[in-house]
Amino acid sequence: MNPGTLDDLEIRDPQDRERDLMRRLPALLQQAQSASGWARILQGVDAGAIDHRAALAQLPVTRKSQLKELQQHDGPFGGLTSTAPRALSRICMSPGPIFDPQGHSADWWRFARPMYAAGVRAGGLLQNCFSYHFTPAAFMVESGAARIGCTVIPAGSGQTELQVQAMAALRPDTYVGTPSFLKIILEKASETGTDVSSLTHALVSAEALPDSLRKWFAEHGVPHVCQAYASADAGNIAYETRTGGALNPGMVLDEDVILEIVRPGTGDPVAPGEVGEVVLTVFNPDYPLVRFATGDLSALLADAAPSPCGRTNVRIRGWLGRADQTTKVRAMFVHPAQVHDVARRHGVAKARLVVTGTIADETMTLQCEVDDPATAGDGAAIVATLRDVTKLRGEVQFVQRGSLPNDGKVIDDRRDYT
């Protein structure tokens with residue numbers, strides 16, 4: 001086993017990993033179809049035939065934004081769990097409310113991988129500052145810590161002075177929680193003159209970590225900070241790694257996740273390196289997820305080489321914003337899926353709806369990439385389709401293929417709100 005990784009799965013040949021995931025995929029589909037919600041979503045799907053990515057890409061996308069409605073109509077988990085609610089270990093609740101299951105298997109959230117990559121080791125001591133109240137984040141850390149074999153201070157969130165006191169007395173080496181709360185704790189320690197210098201490592205999540213804040217942590221005694229990209233439904237998705245103290249580019253995908261990056265509002269995979277919505281298929285013993293759209297934007301790292309840390313799984317650029325760009329124009333909602341529908345009907349590979357002007361006096365312009373804008377015509381047919389689909393008037397602008405920004409935006413709201 002590589003001492004720098006949790007196990008050898010992280011350093012296996014990428015082709016072996018892909019074959020293994022595709023081999024396991026039909027059984028995951030069968031498991032999902034045993035649940036009433038997935039049975040409806042995947043009605044008519046031959047699970048045995050879904051053993052390659054092209055077949056997977058034909059399945060419907062289930063969006064995180066649908067969970068609340070699904071759960072209101074089909075029990076606490078929307079019929080998406082293959083284990084009965086009272087056979088689970090925990091039932092957590094996220095804002096919405098949305099209910100999140102936790103099963104009994106070890107490291108159910110697969111959180112040991114990002115913790116190990118952040119420097120957590122057997123015999124270590126970490127201060128867990130995620131909330132233990134209803135939401136599952138703290139229990140993700142607990143299960144990961146149990147797998148690694150380290151000790152946890154169940155500090156939870158809030159009570160900054162007690163957090164500082166615990167650090168000073170117990171001398172943890174690692175913090176796990178949000179980056180903003182770590183900053184608050186370190187500021188309080190500095191203000192009170194309390195020694196918390198034992199803390200040298202941190203794994204942060206649930207918020208963005210700008211470079212300026214990462215630098216601030218290093219300047220205040222915590223040089224080894226890594227991010228995890230996780231969610232209450234999918235568990236660990238991807239995580240940062242370090243080599244010799246230096247942060248490596250991108251975030252390494254979890255070993256039990258199949259990742260697709262799709263055009264927002266659709267289920268269509270985009271080209272490698274292009275920004276799109278994160279769609280996950282997750283191998284989970286109790287809560288199988290099949291083409292689950294997180295609503296987050298990301299992109300595959302353009303450099304296909306393995307990470308310097310030795311992990312060979314694909315890497316993503318991290319969280320790049322939200323995919324749900326639904327906006328209201330003249331009292332009508334316009335959705336990314338509608339923009340895609342208009343483009344698809346006219347064979348346009350990439351389009352962006354730009355909204356300008358002011359509220360109640362907007363102009364919608366559909367920018368369409370073509371080979372030669374000078375010979376593309378007046379776009380009257382596209383204008384008619386845009387009105388038919390959105391029930392709103394708009395214009396069309398043809399632009400050179402490849403000229404639209406690679407930022408995942410399908411609807412660009414540029415209105416003046418002042």
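Predicted model: local features only at pLDDT ≥ 70, side-chain atom pairs only at ≥ 80, totals over all residues.
**An open sheet and its salt bridges**

Strand 8 (residues 224-231) and strand 9 (residues 235-239) run antiparallel and are joined by 4 bridges, where strands are DSSP runs of E with at least two residues, helices are runs of H or I with at least four, and both are numbered from the N terminus. Two strands are taken to pair if DSSP finds at least two bridges between them. An open sheet of 8 strands results, in the order 5-4-6-7-8-9-12-16 and with mixed pairing; its edges are strand 5 (151-153) and strand 16 (315-316), each of which pairs on one side only.

Salt bridges, defined by a side-chain nitrogen of Lys or Arg within 4 Å of a carboxyl oxygen of Asp or Glu, number 35 by this rule. One of them joins the side chains of Asp 407 and Arg 352 at 2.6 Å, N to O, and links Asp 407, in the loop between strand 21 (395-400) and strand 22 (411-413), to Arg 352 in strand 19 (residues 351-358), 55 residues apart. Arg 352 also meets Asp 412 in a salt bridge of 3.7 Å, N to O, Asp 412 being in strand 22 and 60 residues apart from Arg 352. Arg 352 is buried at 2% relative accessibility, and Asp 412 is buried at 8%, whereas Asp 407 is partly exposed at 27% (buried means under 20% relative accessible area, exposed over 50%, partly exposed in between, with a 1.4 Å probe and protein chains only).

Residues are numbered from 1 along each chain as its sequence is written. Local features need pLDDT of at least 70 and side-chain atom pairs count only at pLDDT 80 or more, while totals for chains, interfaces and linings use all residues, and side-chain values use heavy atoms, with hydrogens and water left out.
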